[in-house]
Amino acid sequence: MHILIVDDEELIRSVIRDYLEEENYTCDEADNGSKAIELVENNNYDLIIMDIMMPHMDGYQALREIKILKNIPVIMLSARTEEIDKLQGFSLGIDDYVTKPFSPKELIARIKAVTKRNGGNDTLTVGNITINNASREVMIDGELVDLTHTQFELLKLFLSNPSIALTRDKIIESIWGYDYEADDRTIDAHIKLLRSKLGKYRKSIKTIRKVGYRFVYEE
């Protein structure tokens, strides 16, 4: 697996690289957004770890450019903890948001969760919503809809469990793994963005107060 580490702090890049190489990942490094874009243009990466605050071009701007070039899963790093920063990242298509300081072992666990892929050629259809697990494509009313990896996994979880109440803990365990630590606002942010991709079917994802969510197909 080939991972791009983007951070202007050499020590952070070095620490992340050391832990990734222990897991037999191949790593490239960039100390700013412009260099990251150049590397993405010339290489194929399975994942990008992207800092927000960098000189010349910040992580948000770099991510916008990268998403035009290629659809690569992204974990964003930041010292910022405000909800608005997480929402901005998720709206740009990131798959996870890790705040500094962080445990390298936790980062490895999140990388494994983001990059996991379920095999098979099966499709899953509920009403006019169809997901193809092999191609990672989503069709709604016959139109292709672009989802991030996390949004795809969330939708698959809902379509696989129609009318079943899913707690936030169950959603976290299913998408990211048992040891993943996330607050309710992070889950709610992902759900909000998924709803925005579903168009007229957004109301199919029902909020269950103090519990979680349930998918009930509605046109």
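Colleague: What makes R110 count as buried or exposed?

Modeller: Keep in mind that this is a predicted model. R110 has a relative accessibility of 7%, and buried means under 20%, so R110 counts as buried.

Colleague: And what makes E106 count as buried, exposed or partly exposed?

Modeller: E106 comes out at 27% relative accessibility. The in-between class lies between under 20% for buried and over 50% for exposed, so E106 is partly exposed.

Colleague: How do you know that the side chains of E106 and R110 meet in a salt bridge?

Modeller: Their N to O distance is 2.6 Å, and the cut-off is within 4 Å, so the pair passes. E106 and R110 both sit in helix α5, 4 residues apart, or about one turn of the helix.

Colleague: What about D96 and R110, how do you know that they make a salt bridge?

Modeller: Here N to O is 3.2 Å, and with a limit of within 4 Å that also qualifies as a salt bridge. D96 belongs to strand β5 and R110 to helix α5, so this pair ties together parts that lie 14 residues apart in sequence. D96 and R110 are both buried.

Colleague: Which residues of α5 are buried?

Modeller: The buried ones are L107, I108, R110, I111, A113, V114 and T115.

Colleague: How do you know that the span of α5 is close to the expected one?

Modeller: Helix α5 covers residues 104–115, which is 12 residues, and reaches 16 Å from its first C-alpha to its last. The expected figure, at 1.5 Å a residue, is 16 Å, so the span is close to what is expected.

Colleague: How do you know that D141 and K200 form a salt bridge?

Modeller: Their N to O distance is 3.5 Å, and within 4 Å is what it takes. The pair links distant parts of the chain, 59 residues apart: D141 is in the loop between β8 and β9, and K200 is in the loop between α8 and β11.

Colleague: Why do β2 and β5 count as edges of their sheet?

Modeller: The order in this open sheet of 5 strands is β2-β1-β3-β4-β5, with parallel pairing. β2 and β5 each have a single partner strand, so one side of each has no neighbour in the sheet. Neighbouring strands here are turned by 20° against each other on average, ignoring direction.

Colleague: How do you know that β1 and β2 pair?

Modeller: Pairing takes at least two bridges, and 5 bridges join β1 to β2, which run parallel. For example, H2 has T26 in β2 as its bridge partner.

Colleague: And what makes β11 and β12 a pair?

Modeller: They share 4 bridges in the antiparallel sense, against the at least two that are needed.

Terms used: Residues numbered from 1 in each chain as written. Predicted model: local features only at pLDDT ≥ 70, side-chain atom pairs only at ≥ 80, totals over all residues. Heavy atoms only, no water. Helix = DSSP H or I, 4+ residues; strand = E, 2+ residues; numbered from the N terminus. Axes fitted to C-alpha atoms, helices over the stretch in contact; angles between N-to-C directions. Buried < 20%, exposed > 50% of the residue type's maximum accessible area, 1.4 Å probe, protein only.
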